[in-house]
Amino acid sequence: MNQAPPALDIVDETFIVVPPSTVAAAFADPRSWSRYWPDLVLEVYTDRGDQGLRWTVRGALIGTMEVWLEPVLDGTLLHYFLRATPAGPDGEPRPLQARDLRREFDRRARAAKAIALGLKEVLEDGREPGVGPRAE
């Protein structure tokens, strides 16, 4: 039986000038997940430590999500992947009209960038551009 591809395939990258272990700590506590993704239920299927997490997703969406933390120069490239399909109240895939699917894609993509930029602001703690990361 062929499974349909996910309706949403969102990819985002944000550079944060802190070590991967610092970014990983922001995602380590499962209680933080409901702050970042309040309408999703996440279950870790791969914990890669300072390299990030992979989750299965239930709730408003059905699919998978990943945060991959790549060490780059003096910081971390935060890669975000969401591959999922909207779900109905029964937890089954819910087809959306093309216009509604574009809105959902845009909403999820903007939310992902807001999470990443929020972490950047907090974790870099006022670092001026061109200045290396603060000593831990």
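The entries below go from the sheet to the helices and then to one residue.

**Ground rules.** I am working with a predicted model, where local features need pLDDT of at least 70, side-chain atom pairs count only at pLDDT 80 or more, and totals for chains, interfaces and linings use all residues. Residues are numbered from 1 along each chain as its sequence is written, and side-chain values use heavy atoms, with hydrogens and water left out.

**The sheet.** I found an open sheet of 5 strands in the order E1-E5-E4-E3-E2, with antiparallel pairing. Strands E1 (8-16) and E2 (40-47) are the edges, each pairing on one side only. On average, neighbouring strands are turned by 20 degrees against each other, direction ignored. I noted that strands (E, at least two residues) and helices (H or I, at least four) are DSSP runs numbered from the N terminus, and that two strands pair if DSSP finds at least two bridges between them.

**One pair.** I looked at E3 (residues 52-59) and E4 (residues 61-72), which are antiparallel and joined by 6 bridges. Gly52 has Trp68 in E4 as its bridge partner.

**The helices.** Helix H1 (residues 20-28) packs on the sheet and touches E1, E3, E4 and E5; its direction makes about 155 degrees with that of E4. Helix H3 (residues 98-124) lies across E1, E2, E4 and E5, at about 20 degrees to E1. Axes are lines fitted to C-alpha atoms, for helices over the stretch in contact (heavy atoms within 4.5 Å), and angles run from 0 to 180 degrees between N-to-C directions.

**Thr85.** I found Thr85 in strand E5 (residues 75-86). Is Thr85 buried or exposed? I call Thr85 buried because its relative accessible area is 18%, and buried means under 20% (1.4 Å probe, protein chains only). Not counting residues up to four places away in sequence, Thr85 touches Pro5, Pro6, Ala7, Ala60, Leu61, Ile62 and Pro93.

Note on methods
Buried means under 20% relative accessible area, exposed over 50%, partly exposed in between (1.4 Å probe, protein chains only).
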